[in-house]
Amino acid sequence: MSKAHRGTGVRELVNNGRAVCPICKRAEIKCLYEVEQDGAKLMICKQCNAKLKK
Ligand SMILES: [Zn+2]
């Protein structure tokens, strides 16, 4: 299985996985981590994912 958050798998995503993170609001960063918030799926960045997992 390929690594989901780096390398080729990322390059296949739309815009190379880059988007505006809905939590930290930074633009053009890689939002690769899917979380559910209020029943909606969000794609968030690595840093916010780490914070949420704590
Ligand atoms: Zn973020």
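These legends describe close-up views of a predicted model, in which residues are numbered from 1 along each chain as its sequence is written. Local features need pLDDT of at least 70 and side-chain atom pairs count only at pLDDT 80 or more, while totals for chains, interfaces and linings use all residues, and side-chain values use heavy atoms, with hydrogens and water left out.

View 1. The zinc ion is coordinated by the SG atoms of Cys 21, Cys 24, Cys 45 and Cys 48, at 2.2 to 2.3 Å; donors are N, O and S atoms within 2.8 Å of the metal (3.2 Å for Na, K and Ca). Along the chain, these donors follow the spacing C-x2-C-x20-C-x2-C. The arrangement is tetrahedral because the four donor atoms subtend angles of 101 to 119° around the zinc ion, and four donors count as tetrahedral if all angles lie between 85 and 135 degrees.

**View 2. Two of the zinc donors, Cys 45 and Cys 48.** Cys 45 has a relative accessible area of 1% and is therefore buried, a term that means under 20% relative accessible area with a 1.4 Å probe and protein chains only. Cys 48, at 3% relative accessibility, also counts as buried.

**View 3. The largest pocket.** The volume of the largest pocket is about 160 Å³, taken as the space filled by probe spheres set on the grid points, which are joined across faces, edges and corners. On a 1 Å grid over the protein atoms alone, a pocket is an open set of points where a 1.4 Å probe fits, with protein on both sides within 12 Å along at least five of seven lines, and lining residues have an atom within 4 Å of a point. Among the lining residues are His 5, Arg 26, Tyr 33 and Cys 45.

How values were computed. Four donors count as tetrahedral if all angles lie between 85 and 135 degrees; four count as square planar and six as octahedral if opposite donors are over 155 degrees apart and all others between 65 and 115; anything else is irregular. Buried means under 20% relative accessible area, exposed over 50%, partly exposed in between (1.4 Å probe, protein chains only).
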